[in-house]
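Let's take a walk through this protein together. Have the sequence and the 3D view open, and we'll go from charged pairs to the greasy inside.

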Amino acid sequence: GSERHPEVIVPDGNDNVVVFWCGHGAKKCLMWGSNDVVYGYQIADIIQSMTYRKMLWSMDACYSGTIGEACEGIPGVLFITAANANETSKADMKDPEMGIWLSNGFTRSFQETIDDNPNITMRDLYYNVARHTIGSHATVYNHTMYGNMFTNTMQEYLK
């Protein structure tokens with residue numbers, strides 16, 4: 001930890017970790033604010049320095065597929081992204097009073113699907129989210145290194 005972030009969760013080999021990113025992205029990076037970025041290779045380095053049982057990254061950002069591509073080959077990690085490596089992610093829910101975009105189909109569908117069925121398999125979670133993502137192509141990365149998407153469920157992360 002640090003003064004700015006005093007509490008840090010350190011997983012061990014028995015923990016399943018979920019990372020949900022909803023924000024801005026560009027090719028090969030995710031963005032914080034207007035100037036701070038983290039690159040796909042940096043995320044790969046962070047993941048590879050960690051100990052965990054399984055890890056799920058759900059990413060709602062433009063070009064989020066480039067992060068999934070950068071992390072291919074890491075054992076036990078699955079990426080489900082709102083957009084592939086070559087496209088932007090489109091918002092589709094706007095607050096008329098505030099005049100701002102609040103969410104898109106990927107994020108909304110991801111949450112609603114898990115709320116409706118916490119035992120959903122990763123395969124079915126992906127297919128449901130992909131059907132409800134408009135304007136970009138929800139994509140799965142690193143599934144061959146993750147495990148069986150027909151038997152692994154979201155419930156493993158919710159215990």
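Start with three residues, Arg53, Lys54 and Glu156, which are linked in a network of salt bridges. A salt bridge here is a side-chain nitrogen of Lys or Arg within 4 Å of a carboxyl oxygen of Asp or Glu. Before we go on, some ground rules: this is a predicted model, where local features need pLDDT of at least 70 and side-chain atom pairs count only at pLDDT 80 or more, while totals for chains, interfaces and linings use all residues. Residues are numbered from 1 along each chain as its sequence is written, and side-chain values use heavy atoms, with hydrogens and water left out.

How many salt bridges does a search of the whole structure find? It turns up 4. One of them joins Glu156 to Lys54, with the closest N and O atoms 2.7 Å apart. Glu156 sits in helix H6 and Lys54 in strand E5, so this pair ties together parts that are 102 residues apart in sequence. (Helices, H or I with at least four residues, and strands, E with at least two, are DSSP runs numbered from the N terminus.) Both Glu156 and Lys54 are buried; buried means under 20% relative accessible area, exposed over 50%, and partly exposed in between, using a 1.4 Å probe and protein chains only.

Another salt bridge pairs Arg108 with Asp92 at 3.1 Å, N to O. Arg108 belongs to helix H3 and Asp92 to the loop between E6 and strand E7 (93-95), so the pair ties together parts 16 residues apart in sequence. Arg108 is partly exposed, at 28% relative accessible area, and Asp92 is too, at 30%.

Now look along H3 itself, residues 105-116. Which of its residues are buried? They are Gly105, Phe106, Thr107, Ser109, Phe110, Thr113 and Ile114. The cover over them includes E1, E5, E6, strand E8 (100-103), helix H4 (122-131) and helix H6 (155-158).

Finally, the greasy part. A nonpolar core is a set of buried Ala, Val, Leu, Ile, Met, Phe, Trp, Tyr and Cys residues joined through side-chain atoms within 4.5 Å. The largest has 19 residues, and those with the most contacts inside it are Leu30, Ile43, Ile47, Trp57, Val77 and Phe79. Strand E1 (16-22), helix H1 (40-49), strand E5 (54-60) and strand E6 (77-81) each give it two or more residues. Apart from it lies another core of 18 residues, including Phe106, Phe110, Ile120 and Tyr146.

Key: The expected span of a helix is 1.5 Å times one less than its number of residues. Contact means heavy atoms within 4.5 Å.
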